[in-house]
Amino acid sequence: PGSPHFMHTSLPQILGMPPDEMIQQVKKDRQSKFFQKNEGKWTIKQSHSTGGKTNAITPSHNPKASLTEAIAKACTNVKKSHVDHGFVDMILQMLTYQPQNRFRPEQGLQHSFIVEKLS
């Protein structure tokens, strides 16, 4: 499922906040380490680096745009406008928080991005 650090920092910056039900299922010691409740709403606990500076973790409100930006940033010489929207859609369906909603391998193979590339 990934490291707690990745789940706490990188994934929310792309997918947004995990669903409340998921946060509530986390063991209390981990829950209090990574999340906090403000005015009845779960938020990500901000981490502090050495020197006291806060490393802001801002959950995405637009997963498609956030993933497109992350792909463009990770791939040198690729502009956001050149990132394949079908690829982004397929990856988002693989990364969804709830396992029952994620693509199964056979669904991934039937995604239009794969089908178009193989034809």
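## Contact of α5 with α6

In this predicted model, Pro63, Lys64, Leu67, Thr68 and Ile71 of helix α5 meet Phe87, Val88, Asp89, Ile91 and Leu92 of helix α6 (contact: heavy atoms within 4.5 Å; helices: DSSP runs of H or I, at least four residues). The residues of this contact comprise seven nonpolar, one polar and two charged (nonpolar: Ala, Val, Leu, Ile, Met, Phe, Trp, Tyr, Cys and Pro; charged: Asp, Glu, Lys and Arg; polar: the others, Gly among them).

The axes of α5 (residues 63–74) and α6 (residues 85–95) come within 10 Å and cross at roughly 110 degrees (lines fitted to C-alpha atoms over the stretch in contact; angles from 0 to 180 degrees between N-to-C directions). The two helices are therefore roughly perpendicular (65 to 115 degrees).

## Lining of the second largest pocket

Strand β2 (residues 41–44) gives the largest share of this lining, four residues (strands: DSSP runs of E, at least two residues). Other parts of the lining include Met17, Asp20, Ile57 and His61. By class, the lining has five nonpolar, four polar and two charged residues.

## Basis

Residues are numbered from 1 along each chain as its sequence is written. Local features of the predicted model need pLDDT of at least 70, side-chain atom pairs count only at pLDDT 80 or more, totals for chains, interfaces and linings use all residues, and side-chain values use heavy atoms, without hydrogens and water.

Technical notes:
Angles under 35 degrees count as roughly parallel, over 145 as roughly antiparallel, 65 to 115 as roughly perpendicular and the rest as oblique. On a 1 Å grid over the protein atoms alone, a cavity is a set of points where a 1.4 Å probe fits but cannot get out, and a pocket is an open set with protein on both sides within 12 Å along at least five of seven lines; lining residues have an atom within 4 Å of a point.
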